[in-house]
Amino acid sequence: MLLKIISVVLLAMAATAHARPYIPADDKQIVERLPSRNDPAQKDFQRLRKQLAQKPDDLAAASELAQKYINEARNDGDPRYLGYAQAVLKPWWNLPQPPVPVLVLRATLLQSTHQFPAALADLNAVLKQDRDNAQAWLTRATVQQVQGQYAQAKNSCMHLYALAPELITATCLSNIGSLNGDADKSYAMLVDAYKKNGNTDPGVSVWVMTLLAEMAVRRSDTAAAEQWYRQAMQLLPPDSYLLGSYADFLLDRKRAAEVIPLLKDKTRVDALLLRYALALQAVNAAEASTQREALGQRFAAAMMRGDTVHQREQARYELQLKGNAAAALKLAQLNWEVQKEAADVRIYLEAAVAAGDIRAAAPVLAWIRQTGLQDAALTPLVSRLSGLVQGGAA
């Protein structure tokens, strides 16, 4: 149960790292290395697919296979596995009242594509039937947090006290508290909980250490953040979310040269290609323009498909790689309507400053005051914009 619970949150963290079709630069370039048949995950897929082929209505096997596909999507950022998961659940997907396991998995898949209201509807349906479903409460808290609904997210976390291990509950509450005006206390609480429960599953440890690193960054504790990132990177092969988070940490500290080898072989994932291109640009590498163009092609293809999941990354692309502040601000505003994480706040304010559109920043500044969000990266932006708003510069 613990691994199933944690995989949902890790997928939510990794949702922005999914890849799109990739066009290689030349015929000699390796597009993809196929998984080995001896890979334990592939063996599990094969076993469960065979079981389902013999008995297509086996809900337990279908749920297990869908969960494993979700885990794989989280591990390597490949969105195809999310499609495989949905296909496995097809016999139950469109039922008026799907079984509880399908509702939880469907909610997980819906939130991965930012269909948050639909995901919450499924989770609420689960909790009407099963108030003790820890996975549903944790996923619900995650979706609410991404939307900036901190009071509701805390309420969802509180239900975990009697249902989940102490570290899971503490992580849920601390992560939200760190974004909702209680950064120092929340960080200290989670450090303490992790020290008391350190002998846990490696996947859980990586999740907790990644969040601790991000909390430390927001608190301007660079040394602690570096330590947590390095521990997480060494414990397990890093997934796309951890790689992207650590890359941002390095880029912000003018350490782009370290990002290049970290992400050189990970550019199939759009969010990682963005950071790779930013690192190349920072060191004036000859390859920078090629990677910038490749990323632009991916975003153009996504827009043609009506895919709006990656508007935050596209806003960064427009602002930081193309220098198009107006386009970046428009994308950041559209993204803000859907999700309100610290990174969403940052790109919105950066774009507003660059575009010289002070009035556009007013709703976000008000939201920061309301929530008490503490983030060292936002402090100079907020100070500058608040001063201009008060001075009537808009």
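Colleague: How many residues does helix H7 have, and how far does H7 reach from its first C-alpha to its last?

Modeller: Helices (H or I, at least four residues) and strands (E, at least two) are DSSP runs, numbered from the N terminus. The expected span of a helix is 1.5 Å times one less than its number of residues. H7 covers residues 116–129, has 14 residues and reaches 20 Å, close to the 20 Å expected at 1.5 Å a residue. The model is predicted: local features need pLDDT of at least 70, side-chain atom pairs count only at pLDDT 80 or more, and totals for chains, interfaces and linings use all residues. Residues are numbered from 1 along each chain as its sequence is written, and side-chain values use heavy atoms, with hydrogens and water left out.

Colleague: Which residues of H7 are buried?

Modeller: Buried means under 20% relative accessible area, exposed over 50%, and partly exposed in between (1.4 Å probe, protein chains only). In H7 the buried residues are Phe116, Ala119, Leu120, Asp122, Leu123, Val126 and Leu127. Seen down the axis of H7, these fall within an arc of 160°, so they line one face of the helix. The arc is that of the directions from the helix axis to the C-beta atoms. Pro117, Lys128 and Gln129, on the other side of H7, are exposed.

Colleague: What do the buried residues of H7 pack against?

Modeller: Contact means heavy atoms within 4.5 Å. The buried residues of H7 pack against helix H6 (100–112) and helix H8 (134–146).

Colleague: Which residues of H20 are buried?

Modeller: Helix H20, residues 342–355, also has its span set out: 14 residues, 20 Å from first C-alpha to last, close to the 20 Å expected at 1.5 Å a residue. Its buried residues are Ala342, Asp344, Val345, Ile347, Tyr348, Leu349, Glu350, Ala351, Ala352 and Val353. With 10 of the 14 residues buried, H20 is largely enclosed by the rest of the structure. Gly356 follows H20 and has a positive phi, near 70°.

Colleague: Which residues have the most contacts inside the largest nonpolar core?

Modeller: In soluble globular proteins, nonpolar side chains tend to be buried together. A nonpolar core is a set of buried Ala, Val, Leu, Ile, Met, Phe, Trp, Tyr and Cys residues joined through side-chain atoms within 4.5 Å. The largest one here has 104 residues, and those with the most contacts inside it are Tyr187, Val208, Leu212, Trp228, Val345, Leu349 and Ile368. Helix H12 (residues 202–218) gives the largest share of this core, 10 residues. A second, separate core of 20 residues includes Phe45, Ala62, Tyr69 and Leu89.

Colleague: Which residues does Val345 touch?

Modeller: Leaving out residues up to four places away in sequence, Val345 touches Trp336, Val364, Trp367, Ile368, Leu373 and Leu378.

Colleague: How many disulfides does a search of the whole structure find?

Modeller: A disulfide is a pair of cysteine sulfur atoms within 2.5 Å. The search finds 1 disulfide, and this joins Cys157 to Cys172, with S to S 1.9 Å. Cys157 lies in helix H9 (residues 150–158) and Cys172 in helix H10 (residues 166–179), so the pair ties together parts that are 15 residues apart in sequence. The torsion about the S-S bond is about -70°, so the disulfide is left-handed. Cys157 is buried at 0% relative accessible area, and Cys172 is buried at 5%.

Colleague: How many salt bridges are found in the whole structure?

Modeller: The search finds 17 salt bridges. Among them, Glu318 pairs with Lys322, the closest N and O atoms being 3.9 Å apart. Glu318 is buried at 9% relative accessible area, whereas Lys322 is partly exposed at 48%. Salt bridges that share partners join Glu226, Arg230, Arg255 and Glu258 into one network.

Definitions and conventions
Salt bridge = Lys/Arg side-chain N within 4 Å of Asp/Glu carboxyl O.
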